[in-house]
Amino acid sequence: MTAVLTFDEIRALPKVVLHDHLDGGLRPATIIDIATEIGHPLPTADPVALGEWFRDNATSGSLVRYLEGFEHTIAVMQTPDHLRRIAREAVEDLVDDGVVYAELRYAPELFVQQGMTMDEVVGAVQEGLDAGVADAAAAGRPIVVRQLLTAMRQAARGIEVARLAVAWRDRGVAGFDIAGPEDGFPPTRFLDAFEYLAQENMRISIHAGEAFGLPSIWEAVHPCGADRLGHGVRIIEDVSFSDDGAALGTLAAYVRDRRIPLEICPTSNVQTGAAASIAEHPFGRLAELGFRVTINTDNRLMSATSMTQEMALLVEAFGYTRADLAKFTVNAMKSAFLPFDERITLIDDVIKPGYR
Ligand SMILES: O=c1[nH]cnc2c1ncn2[C@H]1C[C@H](O)[C@@H](CO)O1
Ligand SMILES: [Zn+2]
């Protein structure tokens with residue numbers, strides 16, 4: 001029998017995160033620093049209490065409520081200096097968590113309240129990421145980081161954000177995403193952006209199958225051409241379970257058989273009501289059925305989590321071993337929006353040796 005992995009053992013393993021929001025991963029102390037500097041009122045000025053406030057506020061069973069907490073993080077992300085600091089600290093925190101490859105996403109349109117252009121936003125974030133990556137390399141803990149640019153579903157800047165992603169494709173941006181309230185804002189609202197991205201051969205992840213079910217996933221995959229699904233957990237609604245086993249509907253079969261990666265964020269899903277608990281989370285069944293599942297944080301601040309923590313929760317709930325975690329990590333690296341040769345190098349030289 002193999003011993004259950006401890007938290008510290010999991011922390012030491014090389015990890016890959018594909019779904020982590022830059023504006024959902026700030027350090028509470030940094031929010032307090034910047035809010036004090038700019039005069040933005042916060043619910044509390046104590047870092048521990050502020051972290052708890054974000055977590056509690058996000059644990060409402062509703063995505064719309066969950067999203068309300070971002071008001072305070074977005075407020076402190078309105079200047080190039082603040083973005084550089086937050087991006088650099090994000091890389092530092094991921095390295096500390098054992099992450100070796102990360103795709104960090106955010107919506108540039110949310111950081112223009114004080115006059116930055118969206119292009120300046122992307123540039124400032126990239127400078128912060130570059131600084132964080134250089135710090136990590138100097139400390140002997142290399143990490144590769146890319147940006148994903150998100151357009152907000154409830155707004156109408158999809159095509160602009162898509163153009164920005166293409167403009168920055170060789171300077172740190174690896175793909176495009178849409179996020180925000182899912183119910184009432186189908187991905188086909190941005191069909192022009194997705195058609196443009198297809199013309200440009202740009203990679204696409206779409207938040208879908210979190211607060212809305214199968215029609216949202218179908219639209220993301222087919223008319224919009226998503227390479228990956230952000231969450232996608234509600235694909236389980238297209239699987240029926242009986243004494244004879246599991247039967248996949250045609251959409252579930254399509255997603256599984258085409259190996260469309262699911263960016264699963266267990267704690268976030270419990271907070272927004274997409275899953276009843278970690279133990280009842282569809283992750284276990286989807287993994288068993290052969291879906292390409294990956295483990296992610298979504299919003300480290302709002303979920304008071306880390307990659308180590310998300311893995312530890314799944315180990316506890318489903319009894320996963322080191323070999324299972326290796327598989328989910330290789331799944332994630334295979335699904336990254338990085339050139340194929342670079343993915344293989346990370347798998348062979350960093351991930352596989354790290355799990356041996
Ligand atoms: O899991 C999520 N679902 C939908 N929208 C989300 C999720 N996590 C964060 N967001 C929103 C809030 C952020 O301001 C925005 C861009 O990162 O994306
Ligand atoms: Zn998300």
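Residues are numbered from 1 along each chain as its sequence is written, and chains are lettered from A and ligands numbered from 1 in the order in which they are written. In this predicted model, local features need pLDDT of at least 70, side-chain atom pairs count only at pLDDT 80 or more, and totals for chains, interfaces and linings use all residues.

Visitor: What pLDDT does the protein chain average?
Guide: pLDDT is the predictor's confidence in each residue, from 0 to 100. In this chain, 99% of the residues score at least 70. The predictor also gives the complex an ipTM of 0.99 and a pTM of 0.98. The average pLDDT of the protein chain is 97.

Visitor: Which residues come nearest to ligand 1?
Guide: A residue is near a molecule or strand if its C-beta atom, placed from the backbone, lies within 6 Å of it. Around ligand 1 there are 18 residues. The nearest are H21, F70, Y106, A107 and A179.

Visitor: Which elements give two or more residues to that shell around ligand 1?
Guide: Elements here are DSSP runs, numbered from the N terminus: helices are H or I with at least four residues, strands are E with at least two. By that naming, the elements are α4 (63-68) and β2 (99-106).

Visitor: How many charged residues does the shell around ligand 1 have?
Guide: Ala, Val, Leu, Ile, Met, Phe, Trp, Tyr, Cys and Pro count as nonpolar, Asp, Glu, Lys and Arg as charged, and the others, Gly among them, as polar. The shell has seven nonpolar and seven polar residues. The charged residues number four.

Visitor: Which residues does the UniProt annotation "binding site" cover?
Guide: The annotation comes from an unreviewed UniProt entry. UniProt positions are given in the numbering used here, feature names are shortened, and annotations may be inferred rather than shown by experiment.

Visitor: Is H21 buried or exposed?
Guide: A residue is buried if 20 or more other C-beta atoms, placed from the backbone, lie within 10 Å of its own, exposed if 12 or fewer, and partly exposed in between. H21 lies in strand β1 (residues 15-21). It has 26 C-beta neighbours inside 10 Å, so H21 is buried.

Visitor: Which residues does G180 contact beyond its sequence neighbours?
Guide: G180 sits in the loop between β4 (173-179) and α9 (191-199). With 18 other C-beta atoms within 10 Å, G180 is partly exposed. Two residues are in contact if their C-beta atoms, placed from the backbone, lie within 7 Å. Leaving aside neighbours within four places in sequence, G180 contacts L67, M152, R153, Q154 and F185.

Visitor: Where is E210, which the UniProt annotation "active site" covers?
Guide: That annotation is also from an unreviewed entry. E210 has 27 C-beta neighbours inside 10 Å, so E210 counts as buried. Not counting residues up to four places away in sequence, E210 touches L63, E182, H231, V233, T272 and A274. E210 is placed in the loop between β5 (205-208) and α10 (214-221).

Visitor: Why do the buried residues of α2 line one face of the helix?
Guide: In helix α2 (residues 28-38), P28, I31 and I34 are buried. An α-helix has 3.6 residues a turn, so residues three or four places apart point the same way. Directions are taken from the helix axis to the C-beta atoms. Down the axis of α2, the buried residues line one face because they fall within an arc of 130 degrees.

Visitor: Which elements do the buried residues of α2 pack against?
Guide: On the other side of α2, T36 and E37 are exposed. The buried residues pack against α3 (47-58), α5 (70-75) and α6 (80-96).

Visitor: What phi does H231 have?
Guide: Most residues other than glycine have a negative phi. H231 is not a glycine, yet its phi is positive. H231 lies in strand β6 and is buried, with 28 other C-beta atoms within 10 Å. The phi of H231 is about 75 degrees.
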